[in-house]
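Please look over the sequence and the structure below before reading on. The notes after them are meant for a first reading.

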Amino acid sequence: MVKVNENFLKLPGSYLFSEVARRIGAYTAAHPEADIIKLSIGDVTLPLVPAVIQAMHAAVDEMGTAGGFHGYGPEQGYEFLREAIAQGDYAARGVDIRPGEIFVSDGAKSDCGNIGDIFGVNNVVAVCDPVYPVYVDTNAMAGRAGEYQEELGRWNRLVYMPCVEKNGFSPEPPEETPDIIYLCSPNNPTGAVLTKDQLKVWVDYANASGAVILYDSAYEAFITSEDVPHTIFEIEGARTCAIEFRSFSKTAGFTGNRCAYTVVPMELERGGVKLNSLWNRRQCTKFNGVPYVVQRGAAAVYTPEGRAQIMENIDYYRRNAQVIREGLAAAGLTCFGGVDAPYIWLRTPDGVGSWDFFDQVLDRANVATTPGAGFGPSGEGYVRLTAFGEAEATRTAVERVAGMFR
Ligand code: PLP
């Protein structure tokens, strides 16, 4: 009889978002008049910008002609998009990334999960705590996480790097040297960022030990601070130790369109093998490319009009983040993040547990949050708020929550 991958059986239920939805549903059923505002959504809400729409319309029309029809495209992405990315996201910042180092995909989530295919099962993996759950669960599925310890909320073979107030939510190199290190900046869920100096420490550490950094920069577009790098390849030495994940999801509202990319530099080798060749082999075998129409839409983000339009949307979310941060701080609450990221990490007052605070805010302010404990043990005592909502609703939600504490 067939044997299933037993690693899947070790996974705890994906508790966080389903439990949030369950509690909101139960509350709404009991209080049908309640006007719940969700500061918990991790999805964008503004529509696609005109430059993207025009490019996609034109591409659809092209696909309807004999001369402009596109079937299977290159697995790595069309040259026009890889070139636009190399110019727009890297050369424009003085960083040399060549189109051959860029792999266009259907999402940073897929790439962060699939990248494990090119690494052996015996590697030691380090993740932040709290963390975007995809890094943890995909390693668990591959058998790299060991056993799940229910009472600790941790996997026994993963190395956890606590990101807490004491270290400014910035991970520190662990005692046990890992082989694979996931870093996420701007961070989901804490909204913290790594500065150039902090990232340099990691790059030097990885180069010295032979580890590989998997750098998730899905929220890069939200960076405003001068000392925060937009790409790990701004850091000297990163080309020999890092893989970078980027996405059009939060940058250009592509969560429903699906387009992202991964950068694997040619110099990145381990055991005499180029990781770029392995990733290329993996993608060519298991992936058949992003739709032509979507890639044309993504390329439009790099035109002057496209750029200006997406930055207007990012500014809209940034203003929401500011409203949340300042409104809650004025009510005496302590918030982190929200400056270079769309996420605000709110410390619950008086040491209230994440889920208790979630319930209190839902009940008294009719505002939904995301309990920090759901992202890992070090998230206990915090909730995550997001800036992706509608501006007026965000303002109202903040007033209601602030009103609980004035
Ligand atoms: N990486 C992080 C840190 C995220 O928070 C998300 C989405 O929430 C993703 C990646 C997924 O991006 P994509 O929509 O490109 O799959």
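What follows is a short briefing on the ligand site, the salt bridges and a surface patch.

This is a predicted model, in which local features need pLDDT of at least 70 and side-chain atom pairs count only at pLDDT 80 or more, while totals for chains, interfaces and linings use all residues. Residues are numbered from 1 along each chain as its sequence is written, and side-chain values use heavy atoms, with hydrogens and water left out.

**The ligand and its surroundings**

- The ligand is surrounded by 14 residues, where a residue counts as near if one of its heavy atoms lies within 4 Å of the molecule.
- The closest of these residues are Asp216, Tyr219, Ser247, Ser249 and Arg258.
- By type, the shell consists of 6 nonpolar, 4 polar and 4 charged residues; here Ala, Val, Leu, Ile, Met, Phe, Trp, Tyr, Cys and Pro count as nonpolar, Asp, Glu, Lys and Arg as charged, and the others, Gly among them, as polar.
- Two helices, H5 (108-114) and H8 (249-252), each supply at least two residues of this shell; helices are DSSP runs of H or I with at least four residues, strands are runs of E with at least two, and both are numbered from the N terminus.
- Ser249 has a polar side-chain atom 2.5 Å from an oxygen atom of the ligand.
- For Asn188, a polar side-chain atom lies 2.8 Å from a ligand oxygen atom, and for Arg258 the distance from a polar side-chain atom to an oxygen atom of the ligand is 2.8 Å.
- Taken alone, the ligand exposes 400 Å², and the protein buries 90% of that; accessible areas come from the Shrake-Rupley method with a 1.4 Å probe, and for residues only the protein chains shown count as cover.

**Salt bridges**

- Side chains of opposite charge can pair when their charged atoms come close.
- The model has 21 salt bridges, each being a side-chain nitrogen of Lys or Arg within 4 Å of a carboxyl oxygen of Asp or Glu.
- One network of salt bridges links Asp96, Arg98, Glu101, Arg239 and Glu267.
- Within it, Arg98 pairs with Asp96, their closest N and O atoms being 3.9 Å apart, and Arg98 also forms a salt bridge with Glu101 (3.9 Å, N to O).
- Is Glu101 buried or exposed? Glu101 is buried, with a relative accessible area of 0%, whereas Asp96 is exposed at 51% and Arg98 is partly exposed at 37%; buried means under 20%, exposed over 50%, and partly exposed in between (1.4 Å probe, protein chains only).
- Arg239 sits in the loop between strand S8 (212-216) and strand S9 (242-247), and is buried at 18% relative accessible area.
- The side chain of Arg239 makes a polar contact with that of Glu101 at 2.5 Å; such a contact is a pair of N or O atoms within 3.5 Å, and within protein one must be able to donate a hydrogen and the other to accept it, while residues adjacent in sequence count only if both atoms are side-chain atoms.
- Arg246 and Glu244 meet in a salt bridge (3.2 Å, N to O); Arg246 is buried at 3% and Glu244 is buried at 0%.

**A surface patch**

- Val4, Phe8 and Leu9 form a nonpolar patch on the surface, with about 320 Å² of accessible area together.
- Patches are made of residues with over 30% relative accessible area and no salt bridge, with like charges joined within 9 Å and nonpolar side chains (Val, Leu, Ile, Met, Phe, Trp, Tyr) within 5 Å.
- Phe8 lies in helix H1 (residues 7-10) and is partly exposed, at 43% relative accessible area.
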